[in-house]
Amino acid sequence: MKNNLLRIIGGEWRSRKLKFADVPGLRPTPDRVRETLFNWLQWHVPGARCLDLFAGSGALGLEALSRGARDVVMVEKHPAAAQALRDNLTLLGARNARLVHDDALRYLGRETEAFDLIFLDPPFRQKLLEPVLEKLFAQALLKQDGMIYLEQESEAETDFARFGLQVHRETTAGQVRSLLLVQS
């Protein structure tokens with residue numbers, strides 16, 4: 001049995017350890033990568049409205065909540081992962097979080113309010129990134145000065161300029177390329 005524990009890096013829930021579901025393909029953003037990301041975002045998270053699409057373990061959304069995000073919408077399709085997220089939100093008493101148990105693209109088609117920060121960590125090798133970006137921009141779900149954090153396969157090549165985005169920061173850890181995107 002795997003040790004499915006996630007540690008919150010900083011903020012109100014710093015050092016809290018939470019269980020997450022044992023779901024095939026679920027790979028929480030490692031501590032070191034989350035620490036780098038939230039150092040990049042330290043001035044953008046407090047008071048931000050965030051979307052954690054493909055929430056999985058909830059590592060990114062929970063970290064944003066711990067660091068003062070105004071609210072976080074977490075979208076997760078897998079029933080076991082969604083239940084573990086629901087349990088963790090209850091355990092933490094996270095009143096400014098909303099869990100949506102649904103398909104990411106279906107959810108995006110219904111959402112109408114824009115976000116300051118969007119965390120995208122789609123399942124690898126399923127060609128979901130471009131359809132998600134198309135839907136995000138068709139629905140105008142990123143605020144004018146908003147940012148998108150993305151994790152993708154290190155070998156993936158995406159034309160972000162097509163979506164009016166440019167890479168602001170990036171790092172690679174193993175087979176995962178992490179990018180912070182801003183509107184150009």
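Residues are numbered from 1 along each chain as its sequence is written, and side-chain values rest on heavy atoms, with hydrogens and water left out. Because the model is predicted, local features need pLDDT of at least 70 and side-chain atom pairs count only at pLDDT 80 or more, while totals for chains, interfaces and linings use all residues.

**View 1. The largest pocket and its lining**. A pocket is an open set of points on a 1 Å grid over the protein atoms alone, where a 1.4 Å probe fits and protein lies on both sides within 12 Å along at least five of seven lines, and its lining residues have an atom within 4 Å of a point. The largest pocket holds about 600 Å³ of space, a volume being the space filled by probe spheres set on the points. Of the 30 residues that line the largest pocket, Phe-54, Glu-76, Asp-121, Pro-122 and Pro-123 lie nearest its centre. Strand 3 (49–53), helix 2 (59–66) and helix 4 (104–110) each give two or more residues to this lining; helices (H or I, at least four residues) and strands (E, at least two) are DSSP runs, numbered from the N terminus.

**View 2. The second largest pocket and its lining**. About 300 Å³ of space lies in the second largest pocket, and among its 18 lining residues Lys-127, Leu-128, Leu-129, Glu-153 and Ala-156 lie nearest its centre. Helix 5 (129–138) and strand 7 (142–153) are the elements that give two or more residues to the lining of the second largest pocket, and strand 7 supplies the largest share, four residues.

**View 3. The buried residues of helix 1**. In helix 1 (residues 31–40), Val-33, Arg-34, Leu-37, Phe-38 and Trp-40 are buried, where buried means under 20% relative accessible area and exposed over 50%, with partly exposed in between (1.4 Å probe, protein chains only). These residues lie on the same side of helix 1 because they cover an arc of only 150° around the axis, the arc being that of the directions from the helix axis to the C-beta atoms. Among the elements that cover the buried residues of helix 1 are strand 1 (5–7), strand 6 (115–120) and strand 8 (165–173).

**View 4. Leu-91 in helix 3**. Leu-91 belongs to helix 3 (residues 79–92) and counts as exposed, because its relative accessibility is 53%. Leaving aside neighbours within four places in sequence, Leu-91 is in contact (heavy atoms within 4.5 Å) with Arg-16 and Leu-18. Leu-91 and Leu-18 are 73 residues apart in sequence and 9.0 Å apart in space, C-alpha to C-alpha.
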